[in-house]
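Have the sequence and the 3D view ready, and follow along.

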Amino acid sequence: MKLQLLSGCALAVLASPAIAQTQPAPTQTASSGTDTYHQSAGSEIVVTGVLSTRRQDMLSSVAVVQGKDLAQAMRPSIGETLEHQPGVSATSFGPSASRPVLRGLQGERVRVLTNGLGSIDVSNTSVDHAAVVNPLLAERIEVLRGPQSLLYGSSAIGGVVNVIDKRIPTSVPDEAVHVDAMGTYGSASNERSGSASVDVPLSNGPDGGWVAHADGSYLKSDNVRIGGHALTPALREQARATSLLPAEEPADGEETIDYAANAAVNGKLPNSASKTWTAGAGLAYIGTGGNIGVSYSHYDSLYGVPIRFATQPGDEQEAPRLSLKQDRIDMRAELDGDGNVLDKVSLRLGYADYTHAELEEDGSVGTAFYNKGMEGRLEFTQAKHGAWHGVTGLQFYNRDFNVIGDEAFLPKNTTTQIGLFTLQQLDYGALKFEAGGRYEHTYLSASPLSDQEQFFDGSRSYDAFSGSLGASYGLSDNWRVGLNLSHTERAPAAEEIFANGPHAGTQAYEVGNPDFKLEKANSIEAILRGSGENYTFEASAYHTWFSNFIYEDLTGAEEDGLPVYQFRQTDARYYGFEAQGSFTLARFGDGKVVADALGDYVHAQISGVGPAPRIPPLRVLGGLSYQAPKFDIRGEVERVTKQDRTSEFETSTPGYTMVNAEVNIRPWGNERPLSFALSANNIFDVVARRASSFLKDYSMLAGRDIRVSARVSF
């Protein structure tokens, strides 16, 4: 695998003379024309959909977080960072391991990307595994849902989250040294974090120049402060009742559980502290005919997972901590075309060596996860001919995965995936059409050890075909309505077909099914966008019909003291909506008063079973702000309703109302490099449990959190 990566890099380097000599004129930016060092935070160009497109013209639902909005939203995990975006919730498995939930879908149906390539970790394997992406170093984060997300793989049926940074520079700064830095303190977990990046132009001749990049980040937090008891009232009562029963002698090697103490846990969430640091470096050549670059990064994290406190005899209780490390190499090359057939050819490669150890209370390793993966994309962007524009490409993915230890619930396995995709657009001004297609071949093989007789030994292969068709019509210069139809096929993941063992992270004994078929989905989505001098508005409604939908069924049996969850397939149906808008109520000189609101809802039903588990309920959020060149003041109220459409063995989640406020200060205005932010989150310290979390009955969202941050760029 390393040889493949090095070969790809070598081919790209050999192409660099052509990149430098394609055109004689000097340049300061990459072939895309994007100045990433002085880009306006209000830019509406979306890059995640392969073809860089104005947000107003996108046929897929999209959210972009950048600038001061990203600074205010920044949290240790990508899920919590995006929690206030329309259609987005989070798995909330503690503050460190929280992945995005898009339209009620998570895990294998949501792709988390770094600069267009997968995070190459094992966060899809379990909700207690953190995604190896670093919001602290992000320039912007884009969330894409709908047909265009399929260009990143059939596992992106729920959507794509793309974290975009500058680790491989795409432009030459016009300063001798360019620095970006940010520092944050959060009171709820005594969080201290900082990040910085440096870009240095090494040369800048008439045909282009070299740019070196270095970055690093550090985050440390203590146990999270919460606004009430960790356990729900029902579990507290159960634990108190158990504490009154005659004490049982613990088995050899086990400690006596204090059920009364479990019921009393309040104010702090035990075992939720974390420490993470990262370092990275990149080098790029920015030429008049394209660019080429390579980067290396290291990610190191130690974090705890909130405890599932025992409340009755027979319950297991652990305080797992995870020590996670990843080393990653990335390469990017872009070559401008001749303008007649091709506009651009792009190549991206990523290779990562990942490992994490699940530590026992004495610090010894209980179970270790090893993952080596490589992903590559080769894209051919067509030159625009009249109304016609498009991109065609090839994607390759390979993963070697192994679990070693007492709780190895998977055999050693390999996944290889090759995808061919295309997206074609016709732009007639008011009327736009879009069509896309993807073919994907997936090969999975399991190689259990001789003493692992419980695991499947063999291989499975799948051929999946997906397609989409969409159209939009401009009702006026600033209003557009669109409709998308799509058919998606997804191959089962190794975890869904090979699992057969205890999984402490989810407190379940998981059993897969090697006879699974392709999961298929047919979707329809309608989108309406509009804007004017004093307002913006965007809404989407969607309906998806699944066949061979893969889900986990609680069987009622027990193995190794854990409830047995069997992966099964049946039909399912998901539908819902997202809406957001803003309106300028008044203007006072250079300042204005703006009201904004968003809302989202998901309804999910599994045929013959009932409501799908862990689905976010209806949510509405409204805000009022005063915006001026040197400062902003904003207050918001978020109402999340009760979720009582639950699966058979799932508990309901009470609704809650949360109030937040923030102030942003820019002493020298919007275009200057220094800004400060102060925010008060969950001001009234309410108890808030997230319906999409496996741990909703054992932990909650953070209590009152005062956050202070400073950003500088020069």
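Which residue lies over the face of Phe 694? That's Arg 614, at 3.7 Å from the ring centre. A charge sits over a ring if NZ of Lys or CZ of Arg is within 6 Å of the ring centre and within 35 degrees of the ring normal.

A quick note on the ground rules: this is a predicted model, where local features need pLDDT of at least 70, side-chain atom pairs count only at pLDDT 80 or more, and totals for chains, interfaces and linings use all residues. Residues are numbered from 1 along each chain as its sequence is written, and side-chain values use heavy atoms, with hydrogens and water left out.

Now for the rings. Searching the whole structure turns up 12 aromatic pairs. Rings of Phe, Tyr and Trp (for Trp, its six-membered ring) pair if their centres lie within 6.5 Å; planes under 30 degrees apart count as stacked, over 60 as edge-to-face and the rest as tilted. Here are two of the pairs:

| Pair | Centre to centre | Angle between planes | Type |
|---|---|---|---|
| Tyr 439 and Phe 465 | 5.0 Å | 40° | tilted |
| Phe 549 and Tyr 574 | 5.8 Å | 45° | tilted |

Tyr 439 lies in strand E22 (residues 431-446) and Phe 465 in strand E23 (residues 458-474), so this pair ties together parts 26 residues apart in sequence. Strands (E, at least two residues) are DSSP runs, numbered from the N terminus, as are helices (H or I, at least four). Likewise, Phe 549 is in strand E28 (residues 535-559) and Tyr 574 in strand E29 (residues 562-588), so their pair links parts 25 residues apart in sequence.

Buried means under 20% relative accessible area, exposed over 50%, and partly exposed in between (1.4 Å probe, protein chains only).

There's also an aromatic cluster, made of Phe 369, Phe 401 and Phe 409. Over the face of Phe 401 lies Arg 399, at 4.6 Å from the ring centre.

Finally, find Ser 699 in the loop between strand E35 (674-681) and strand E36 (705-713). Ser 699 is buried, with a relative accessible area of 5%. Leaving aside residues up to four places away in sequence, Ser 699 touches Ala 230, Leu 269, Pro 306 and Arg 689; contact means heavy atoms within 4.5 Å.
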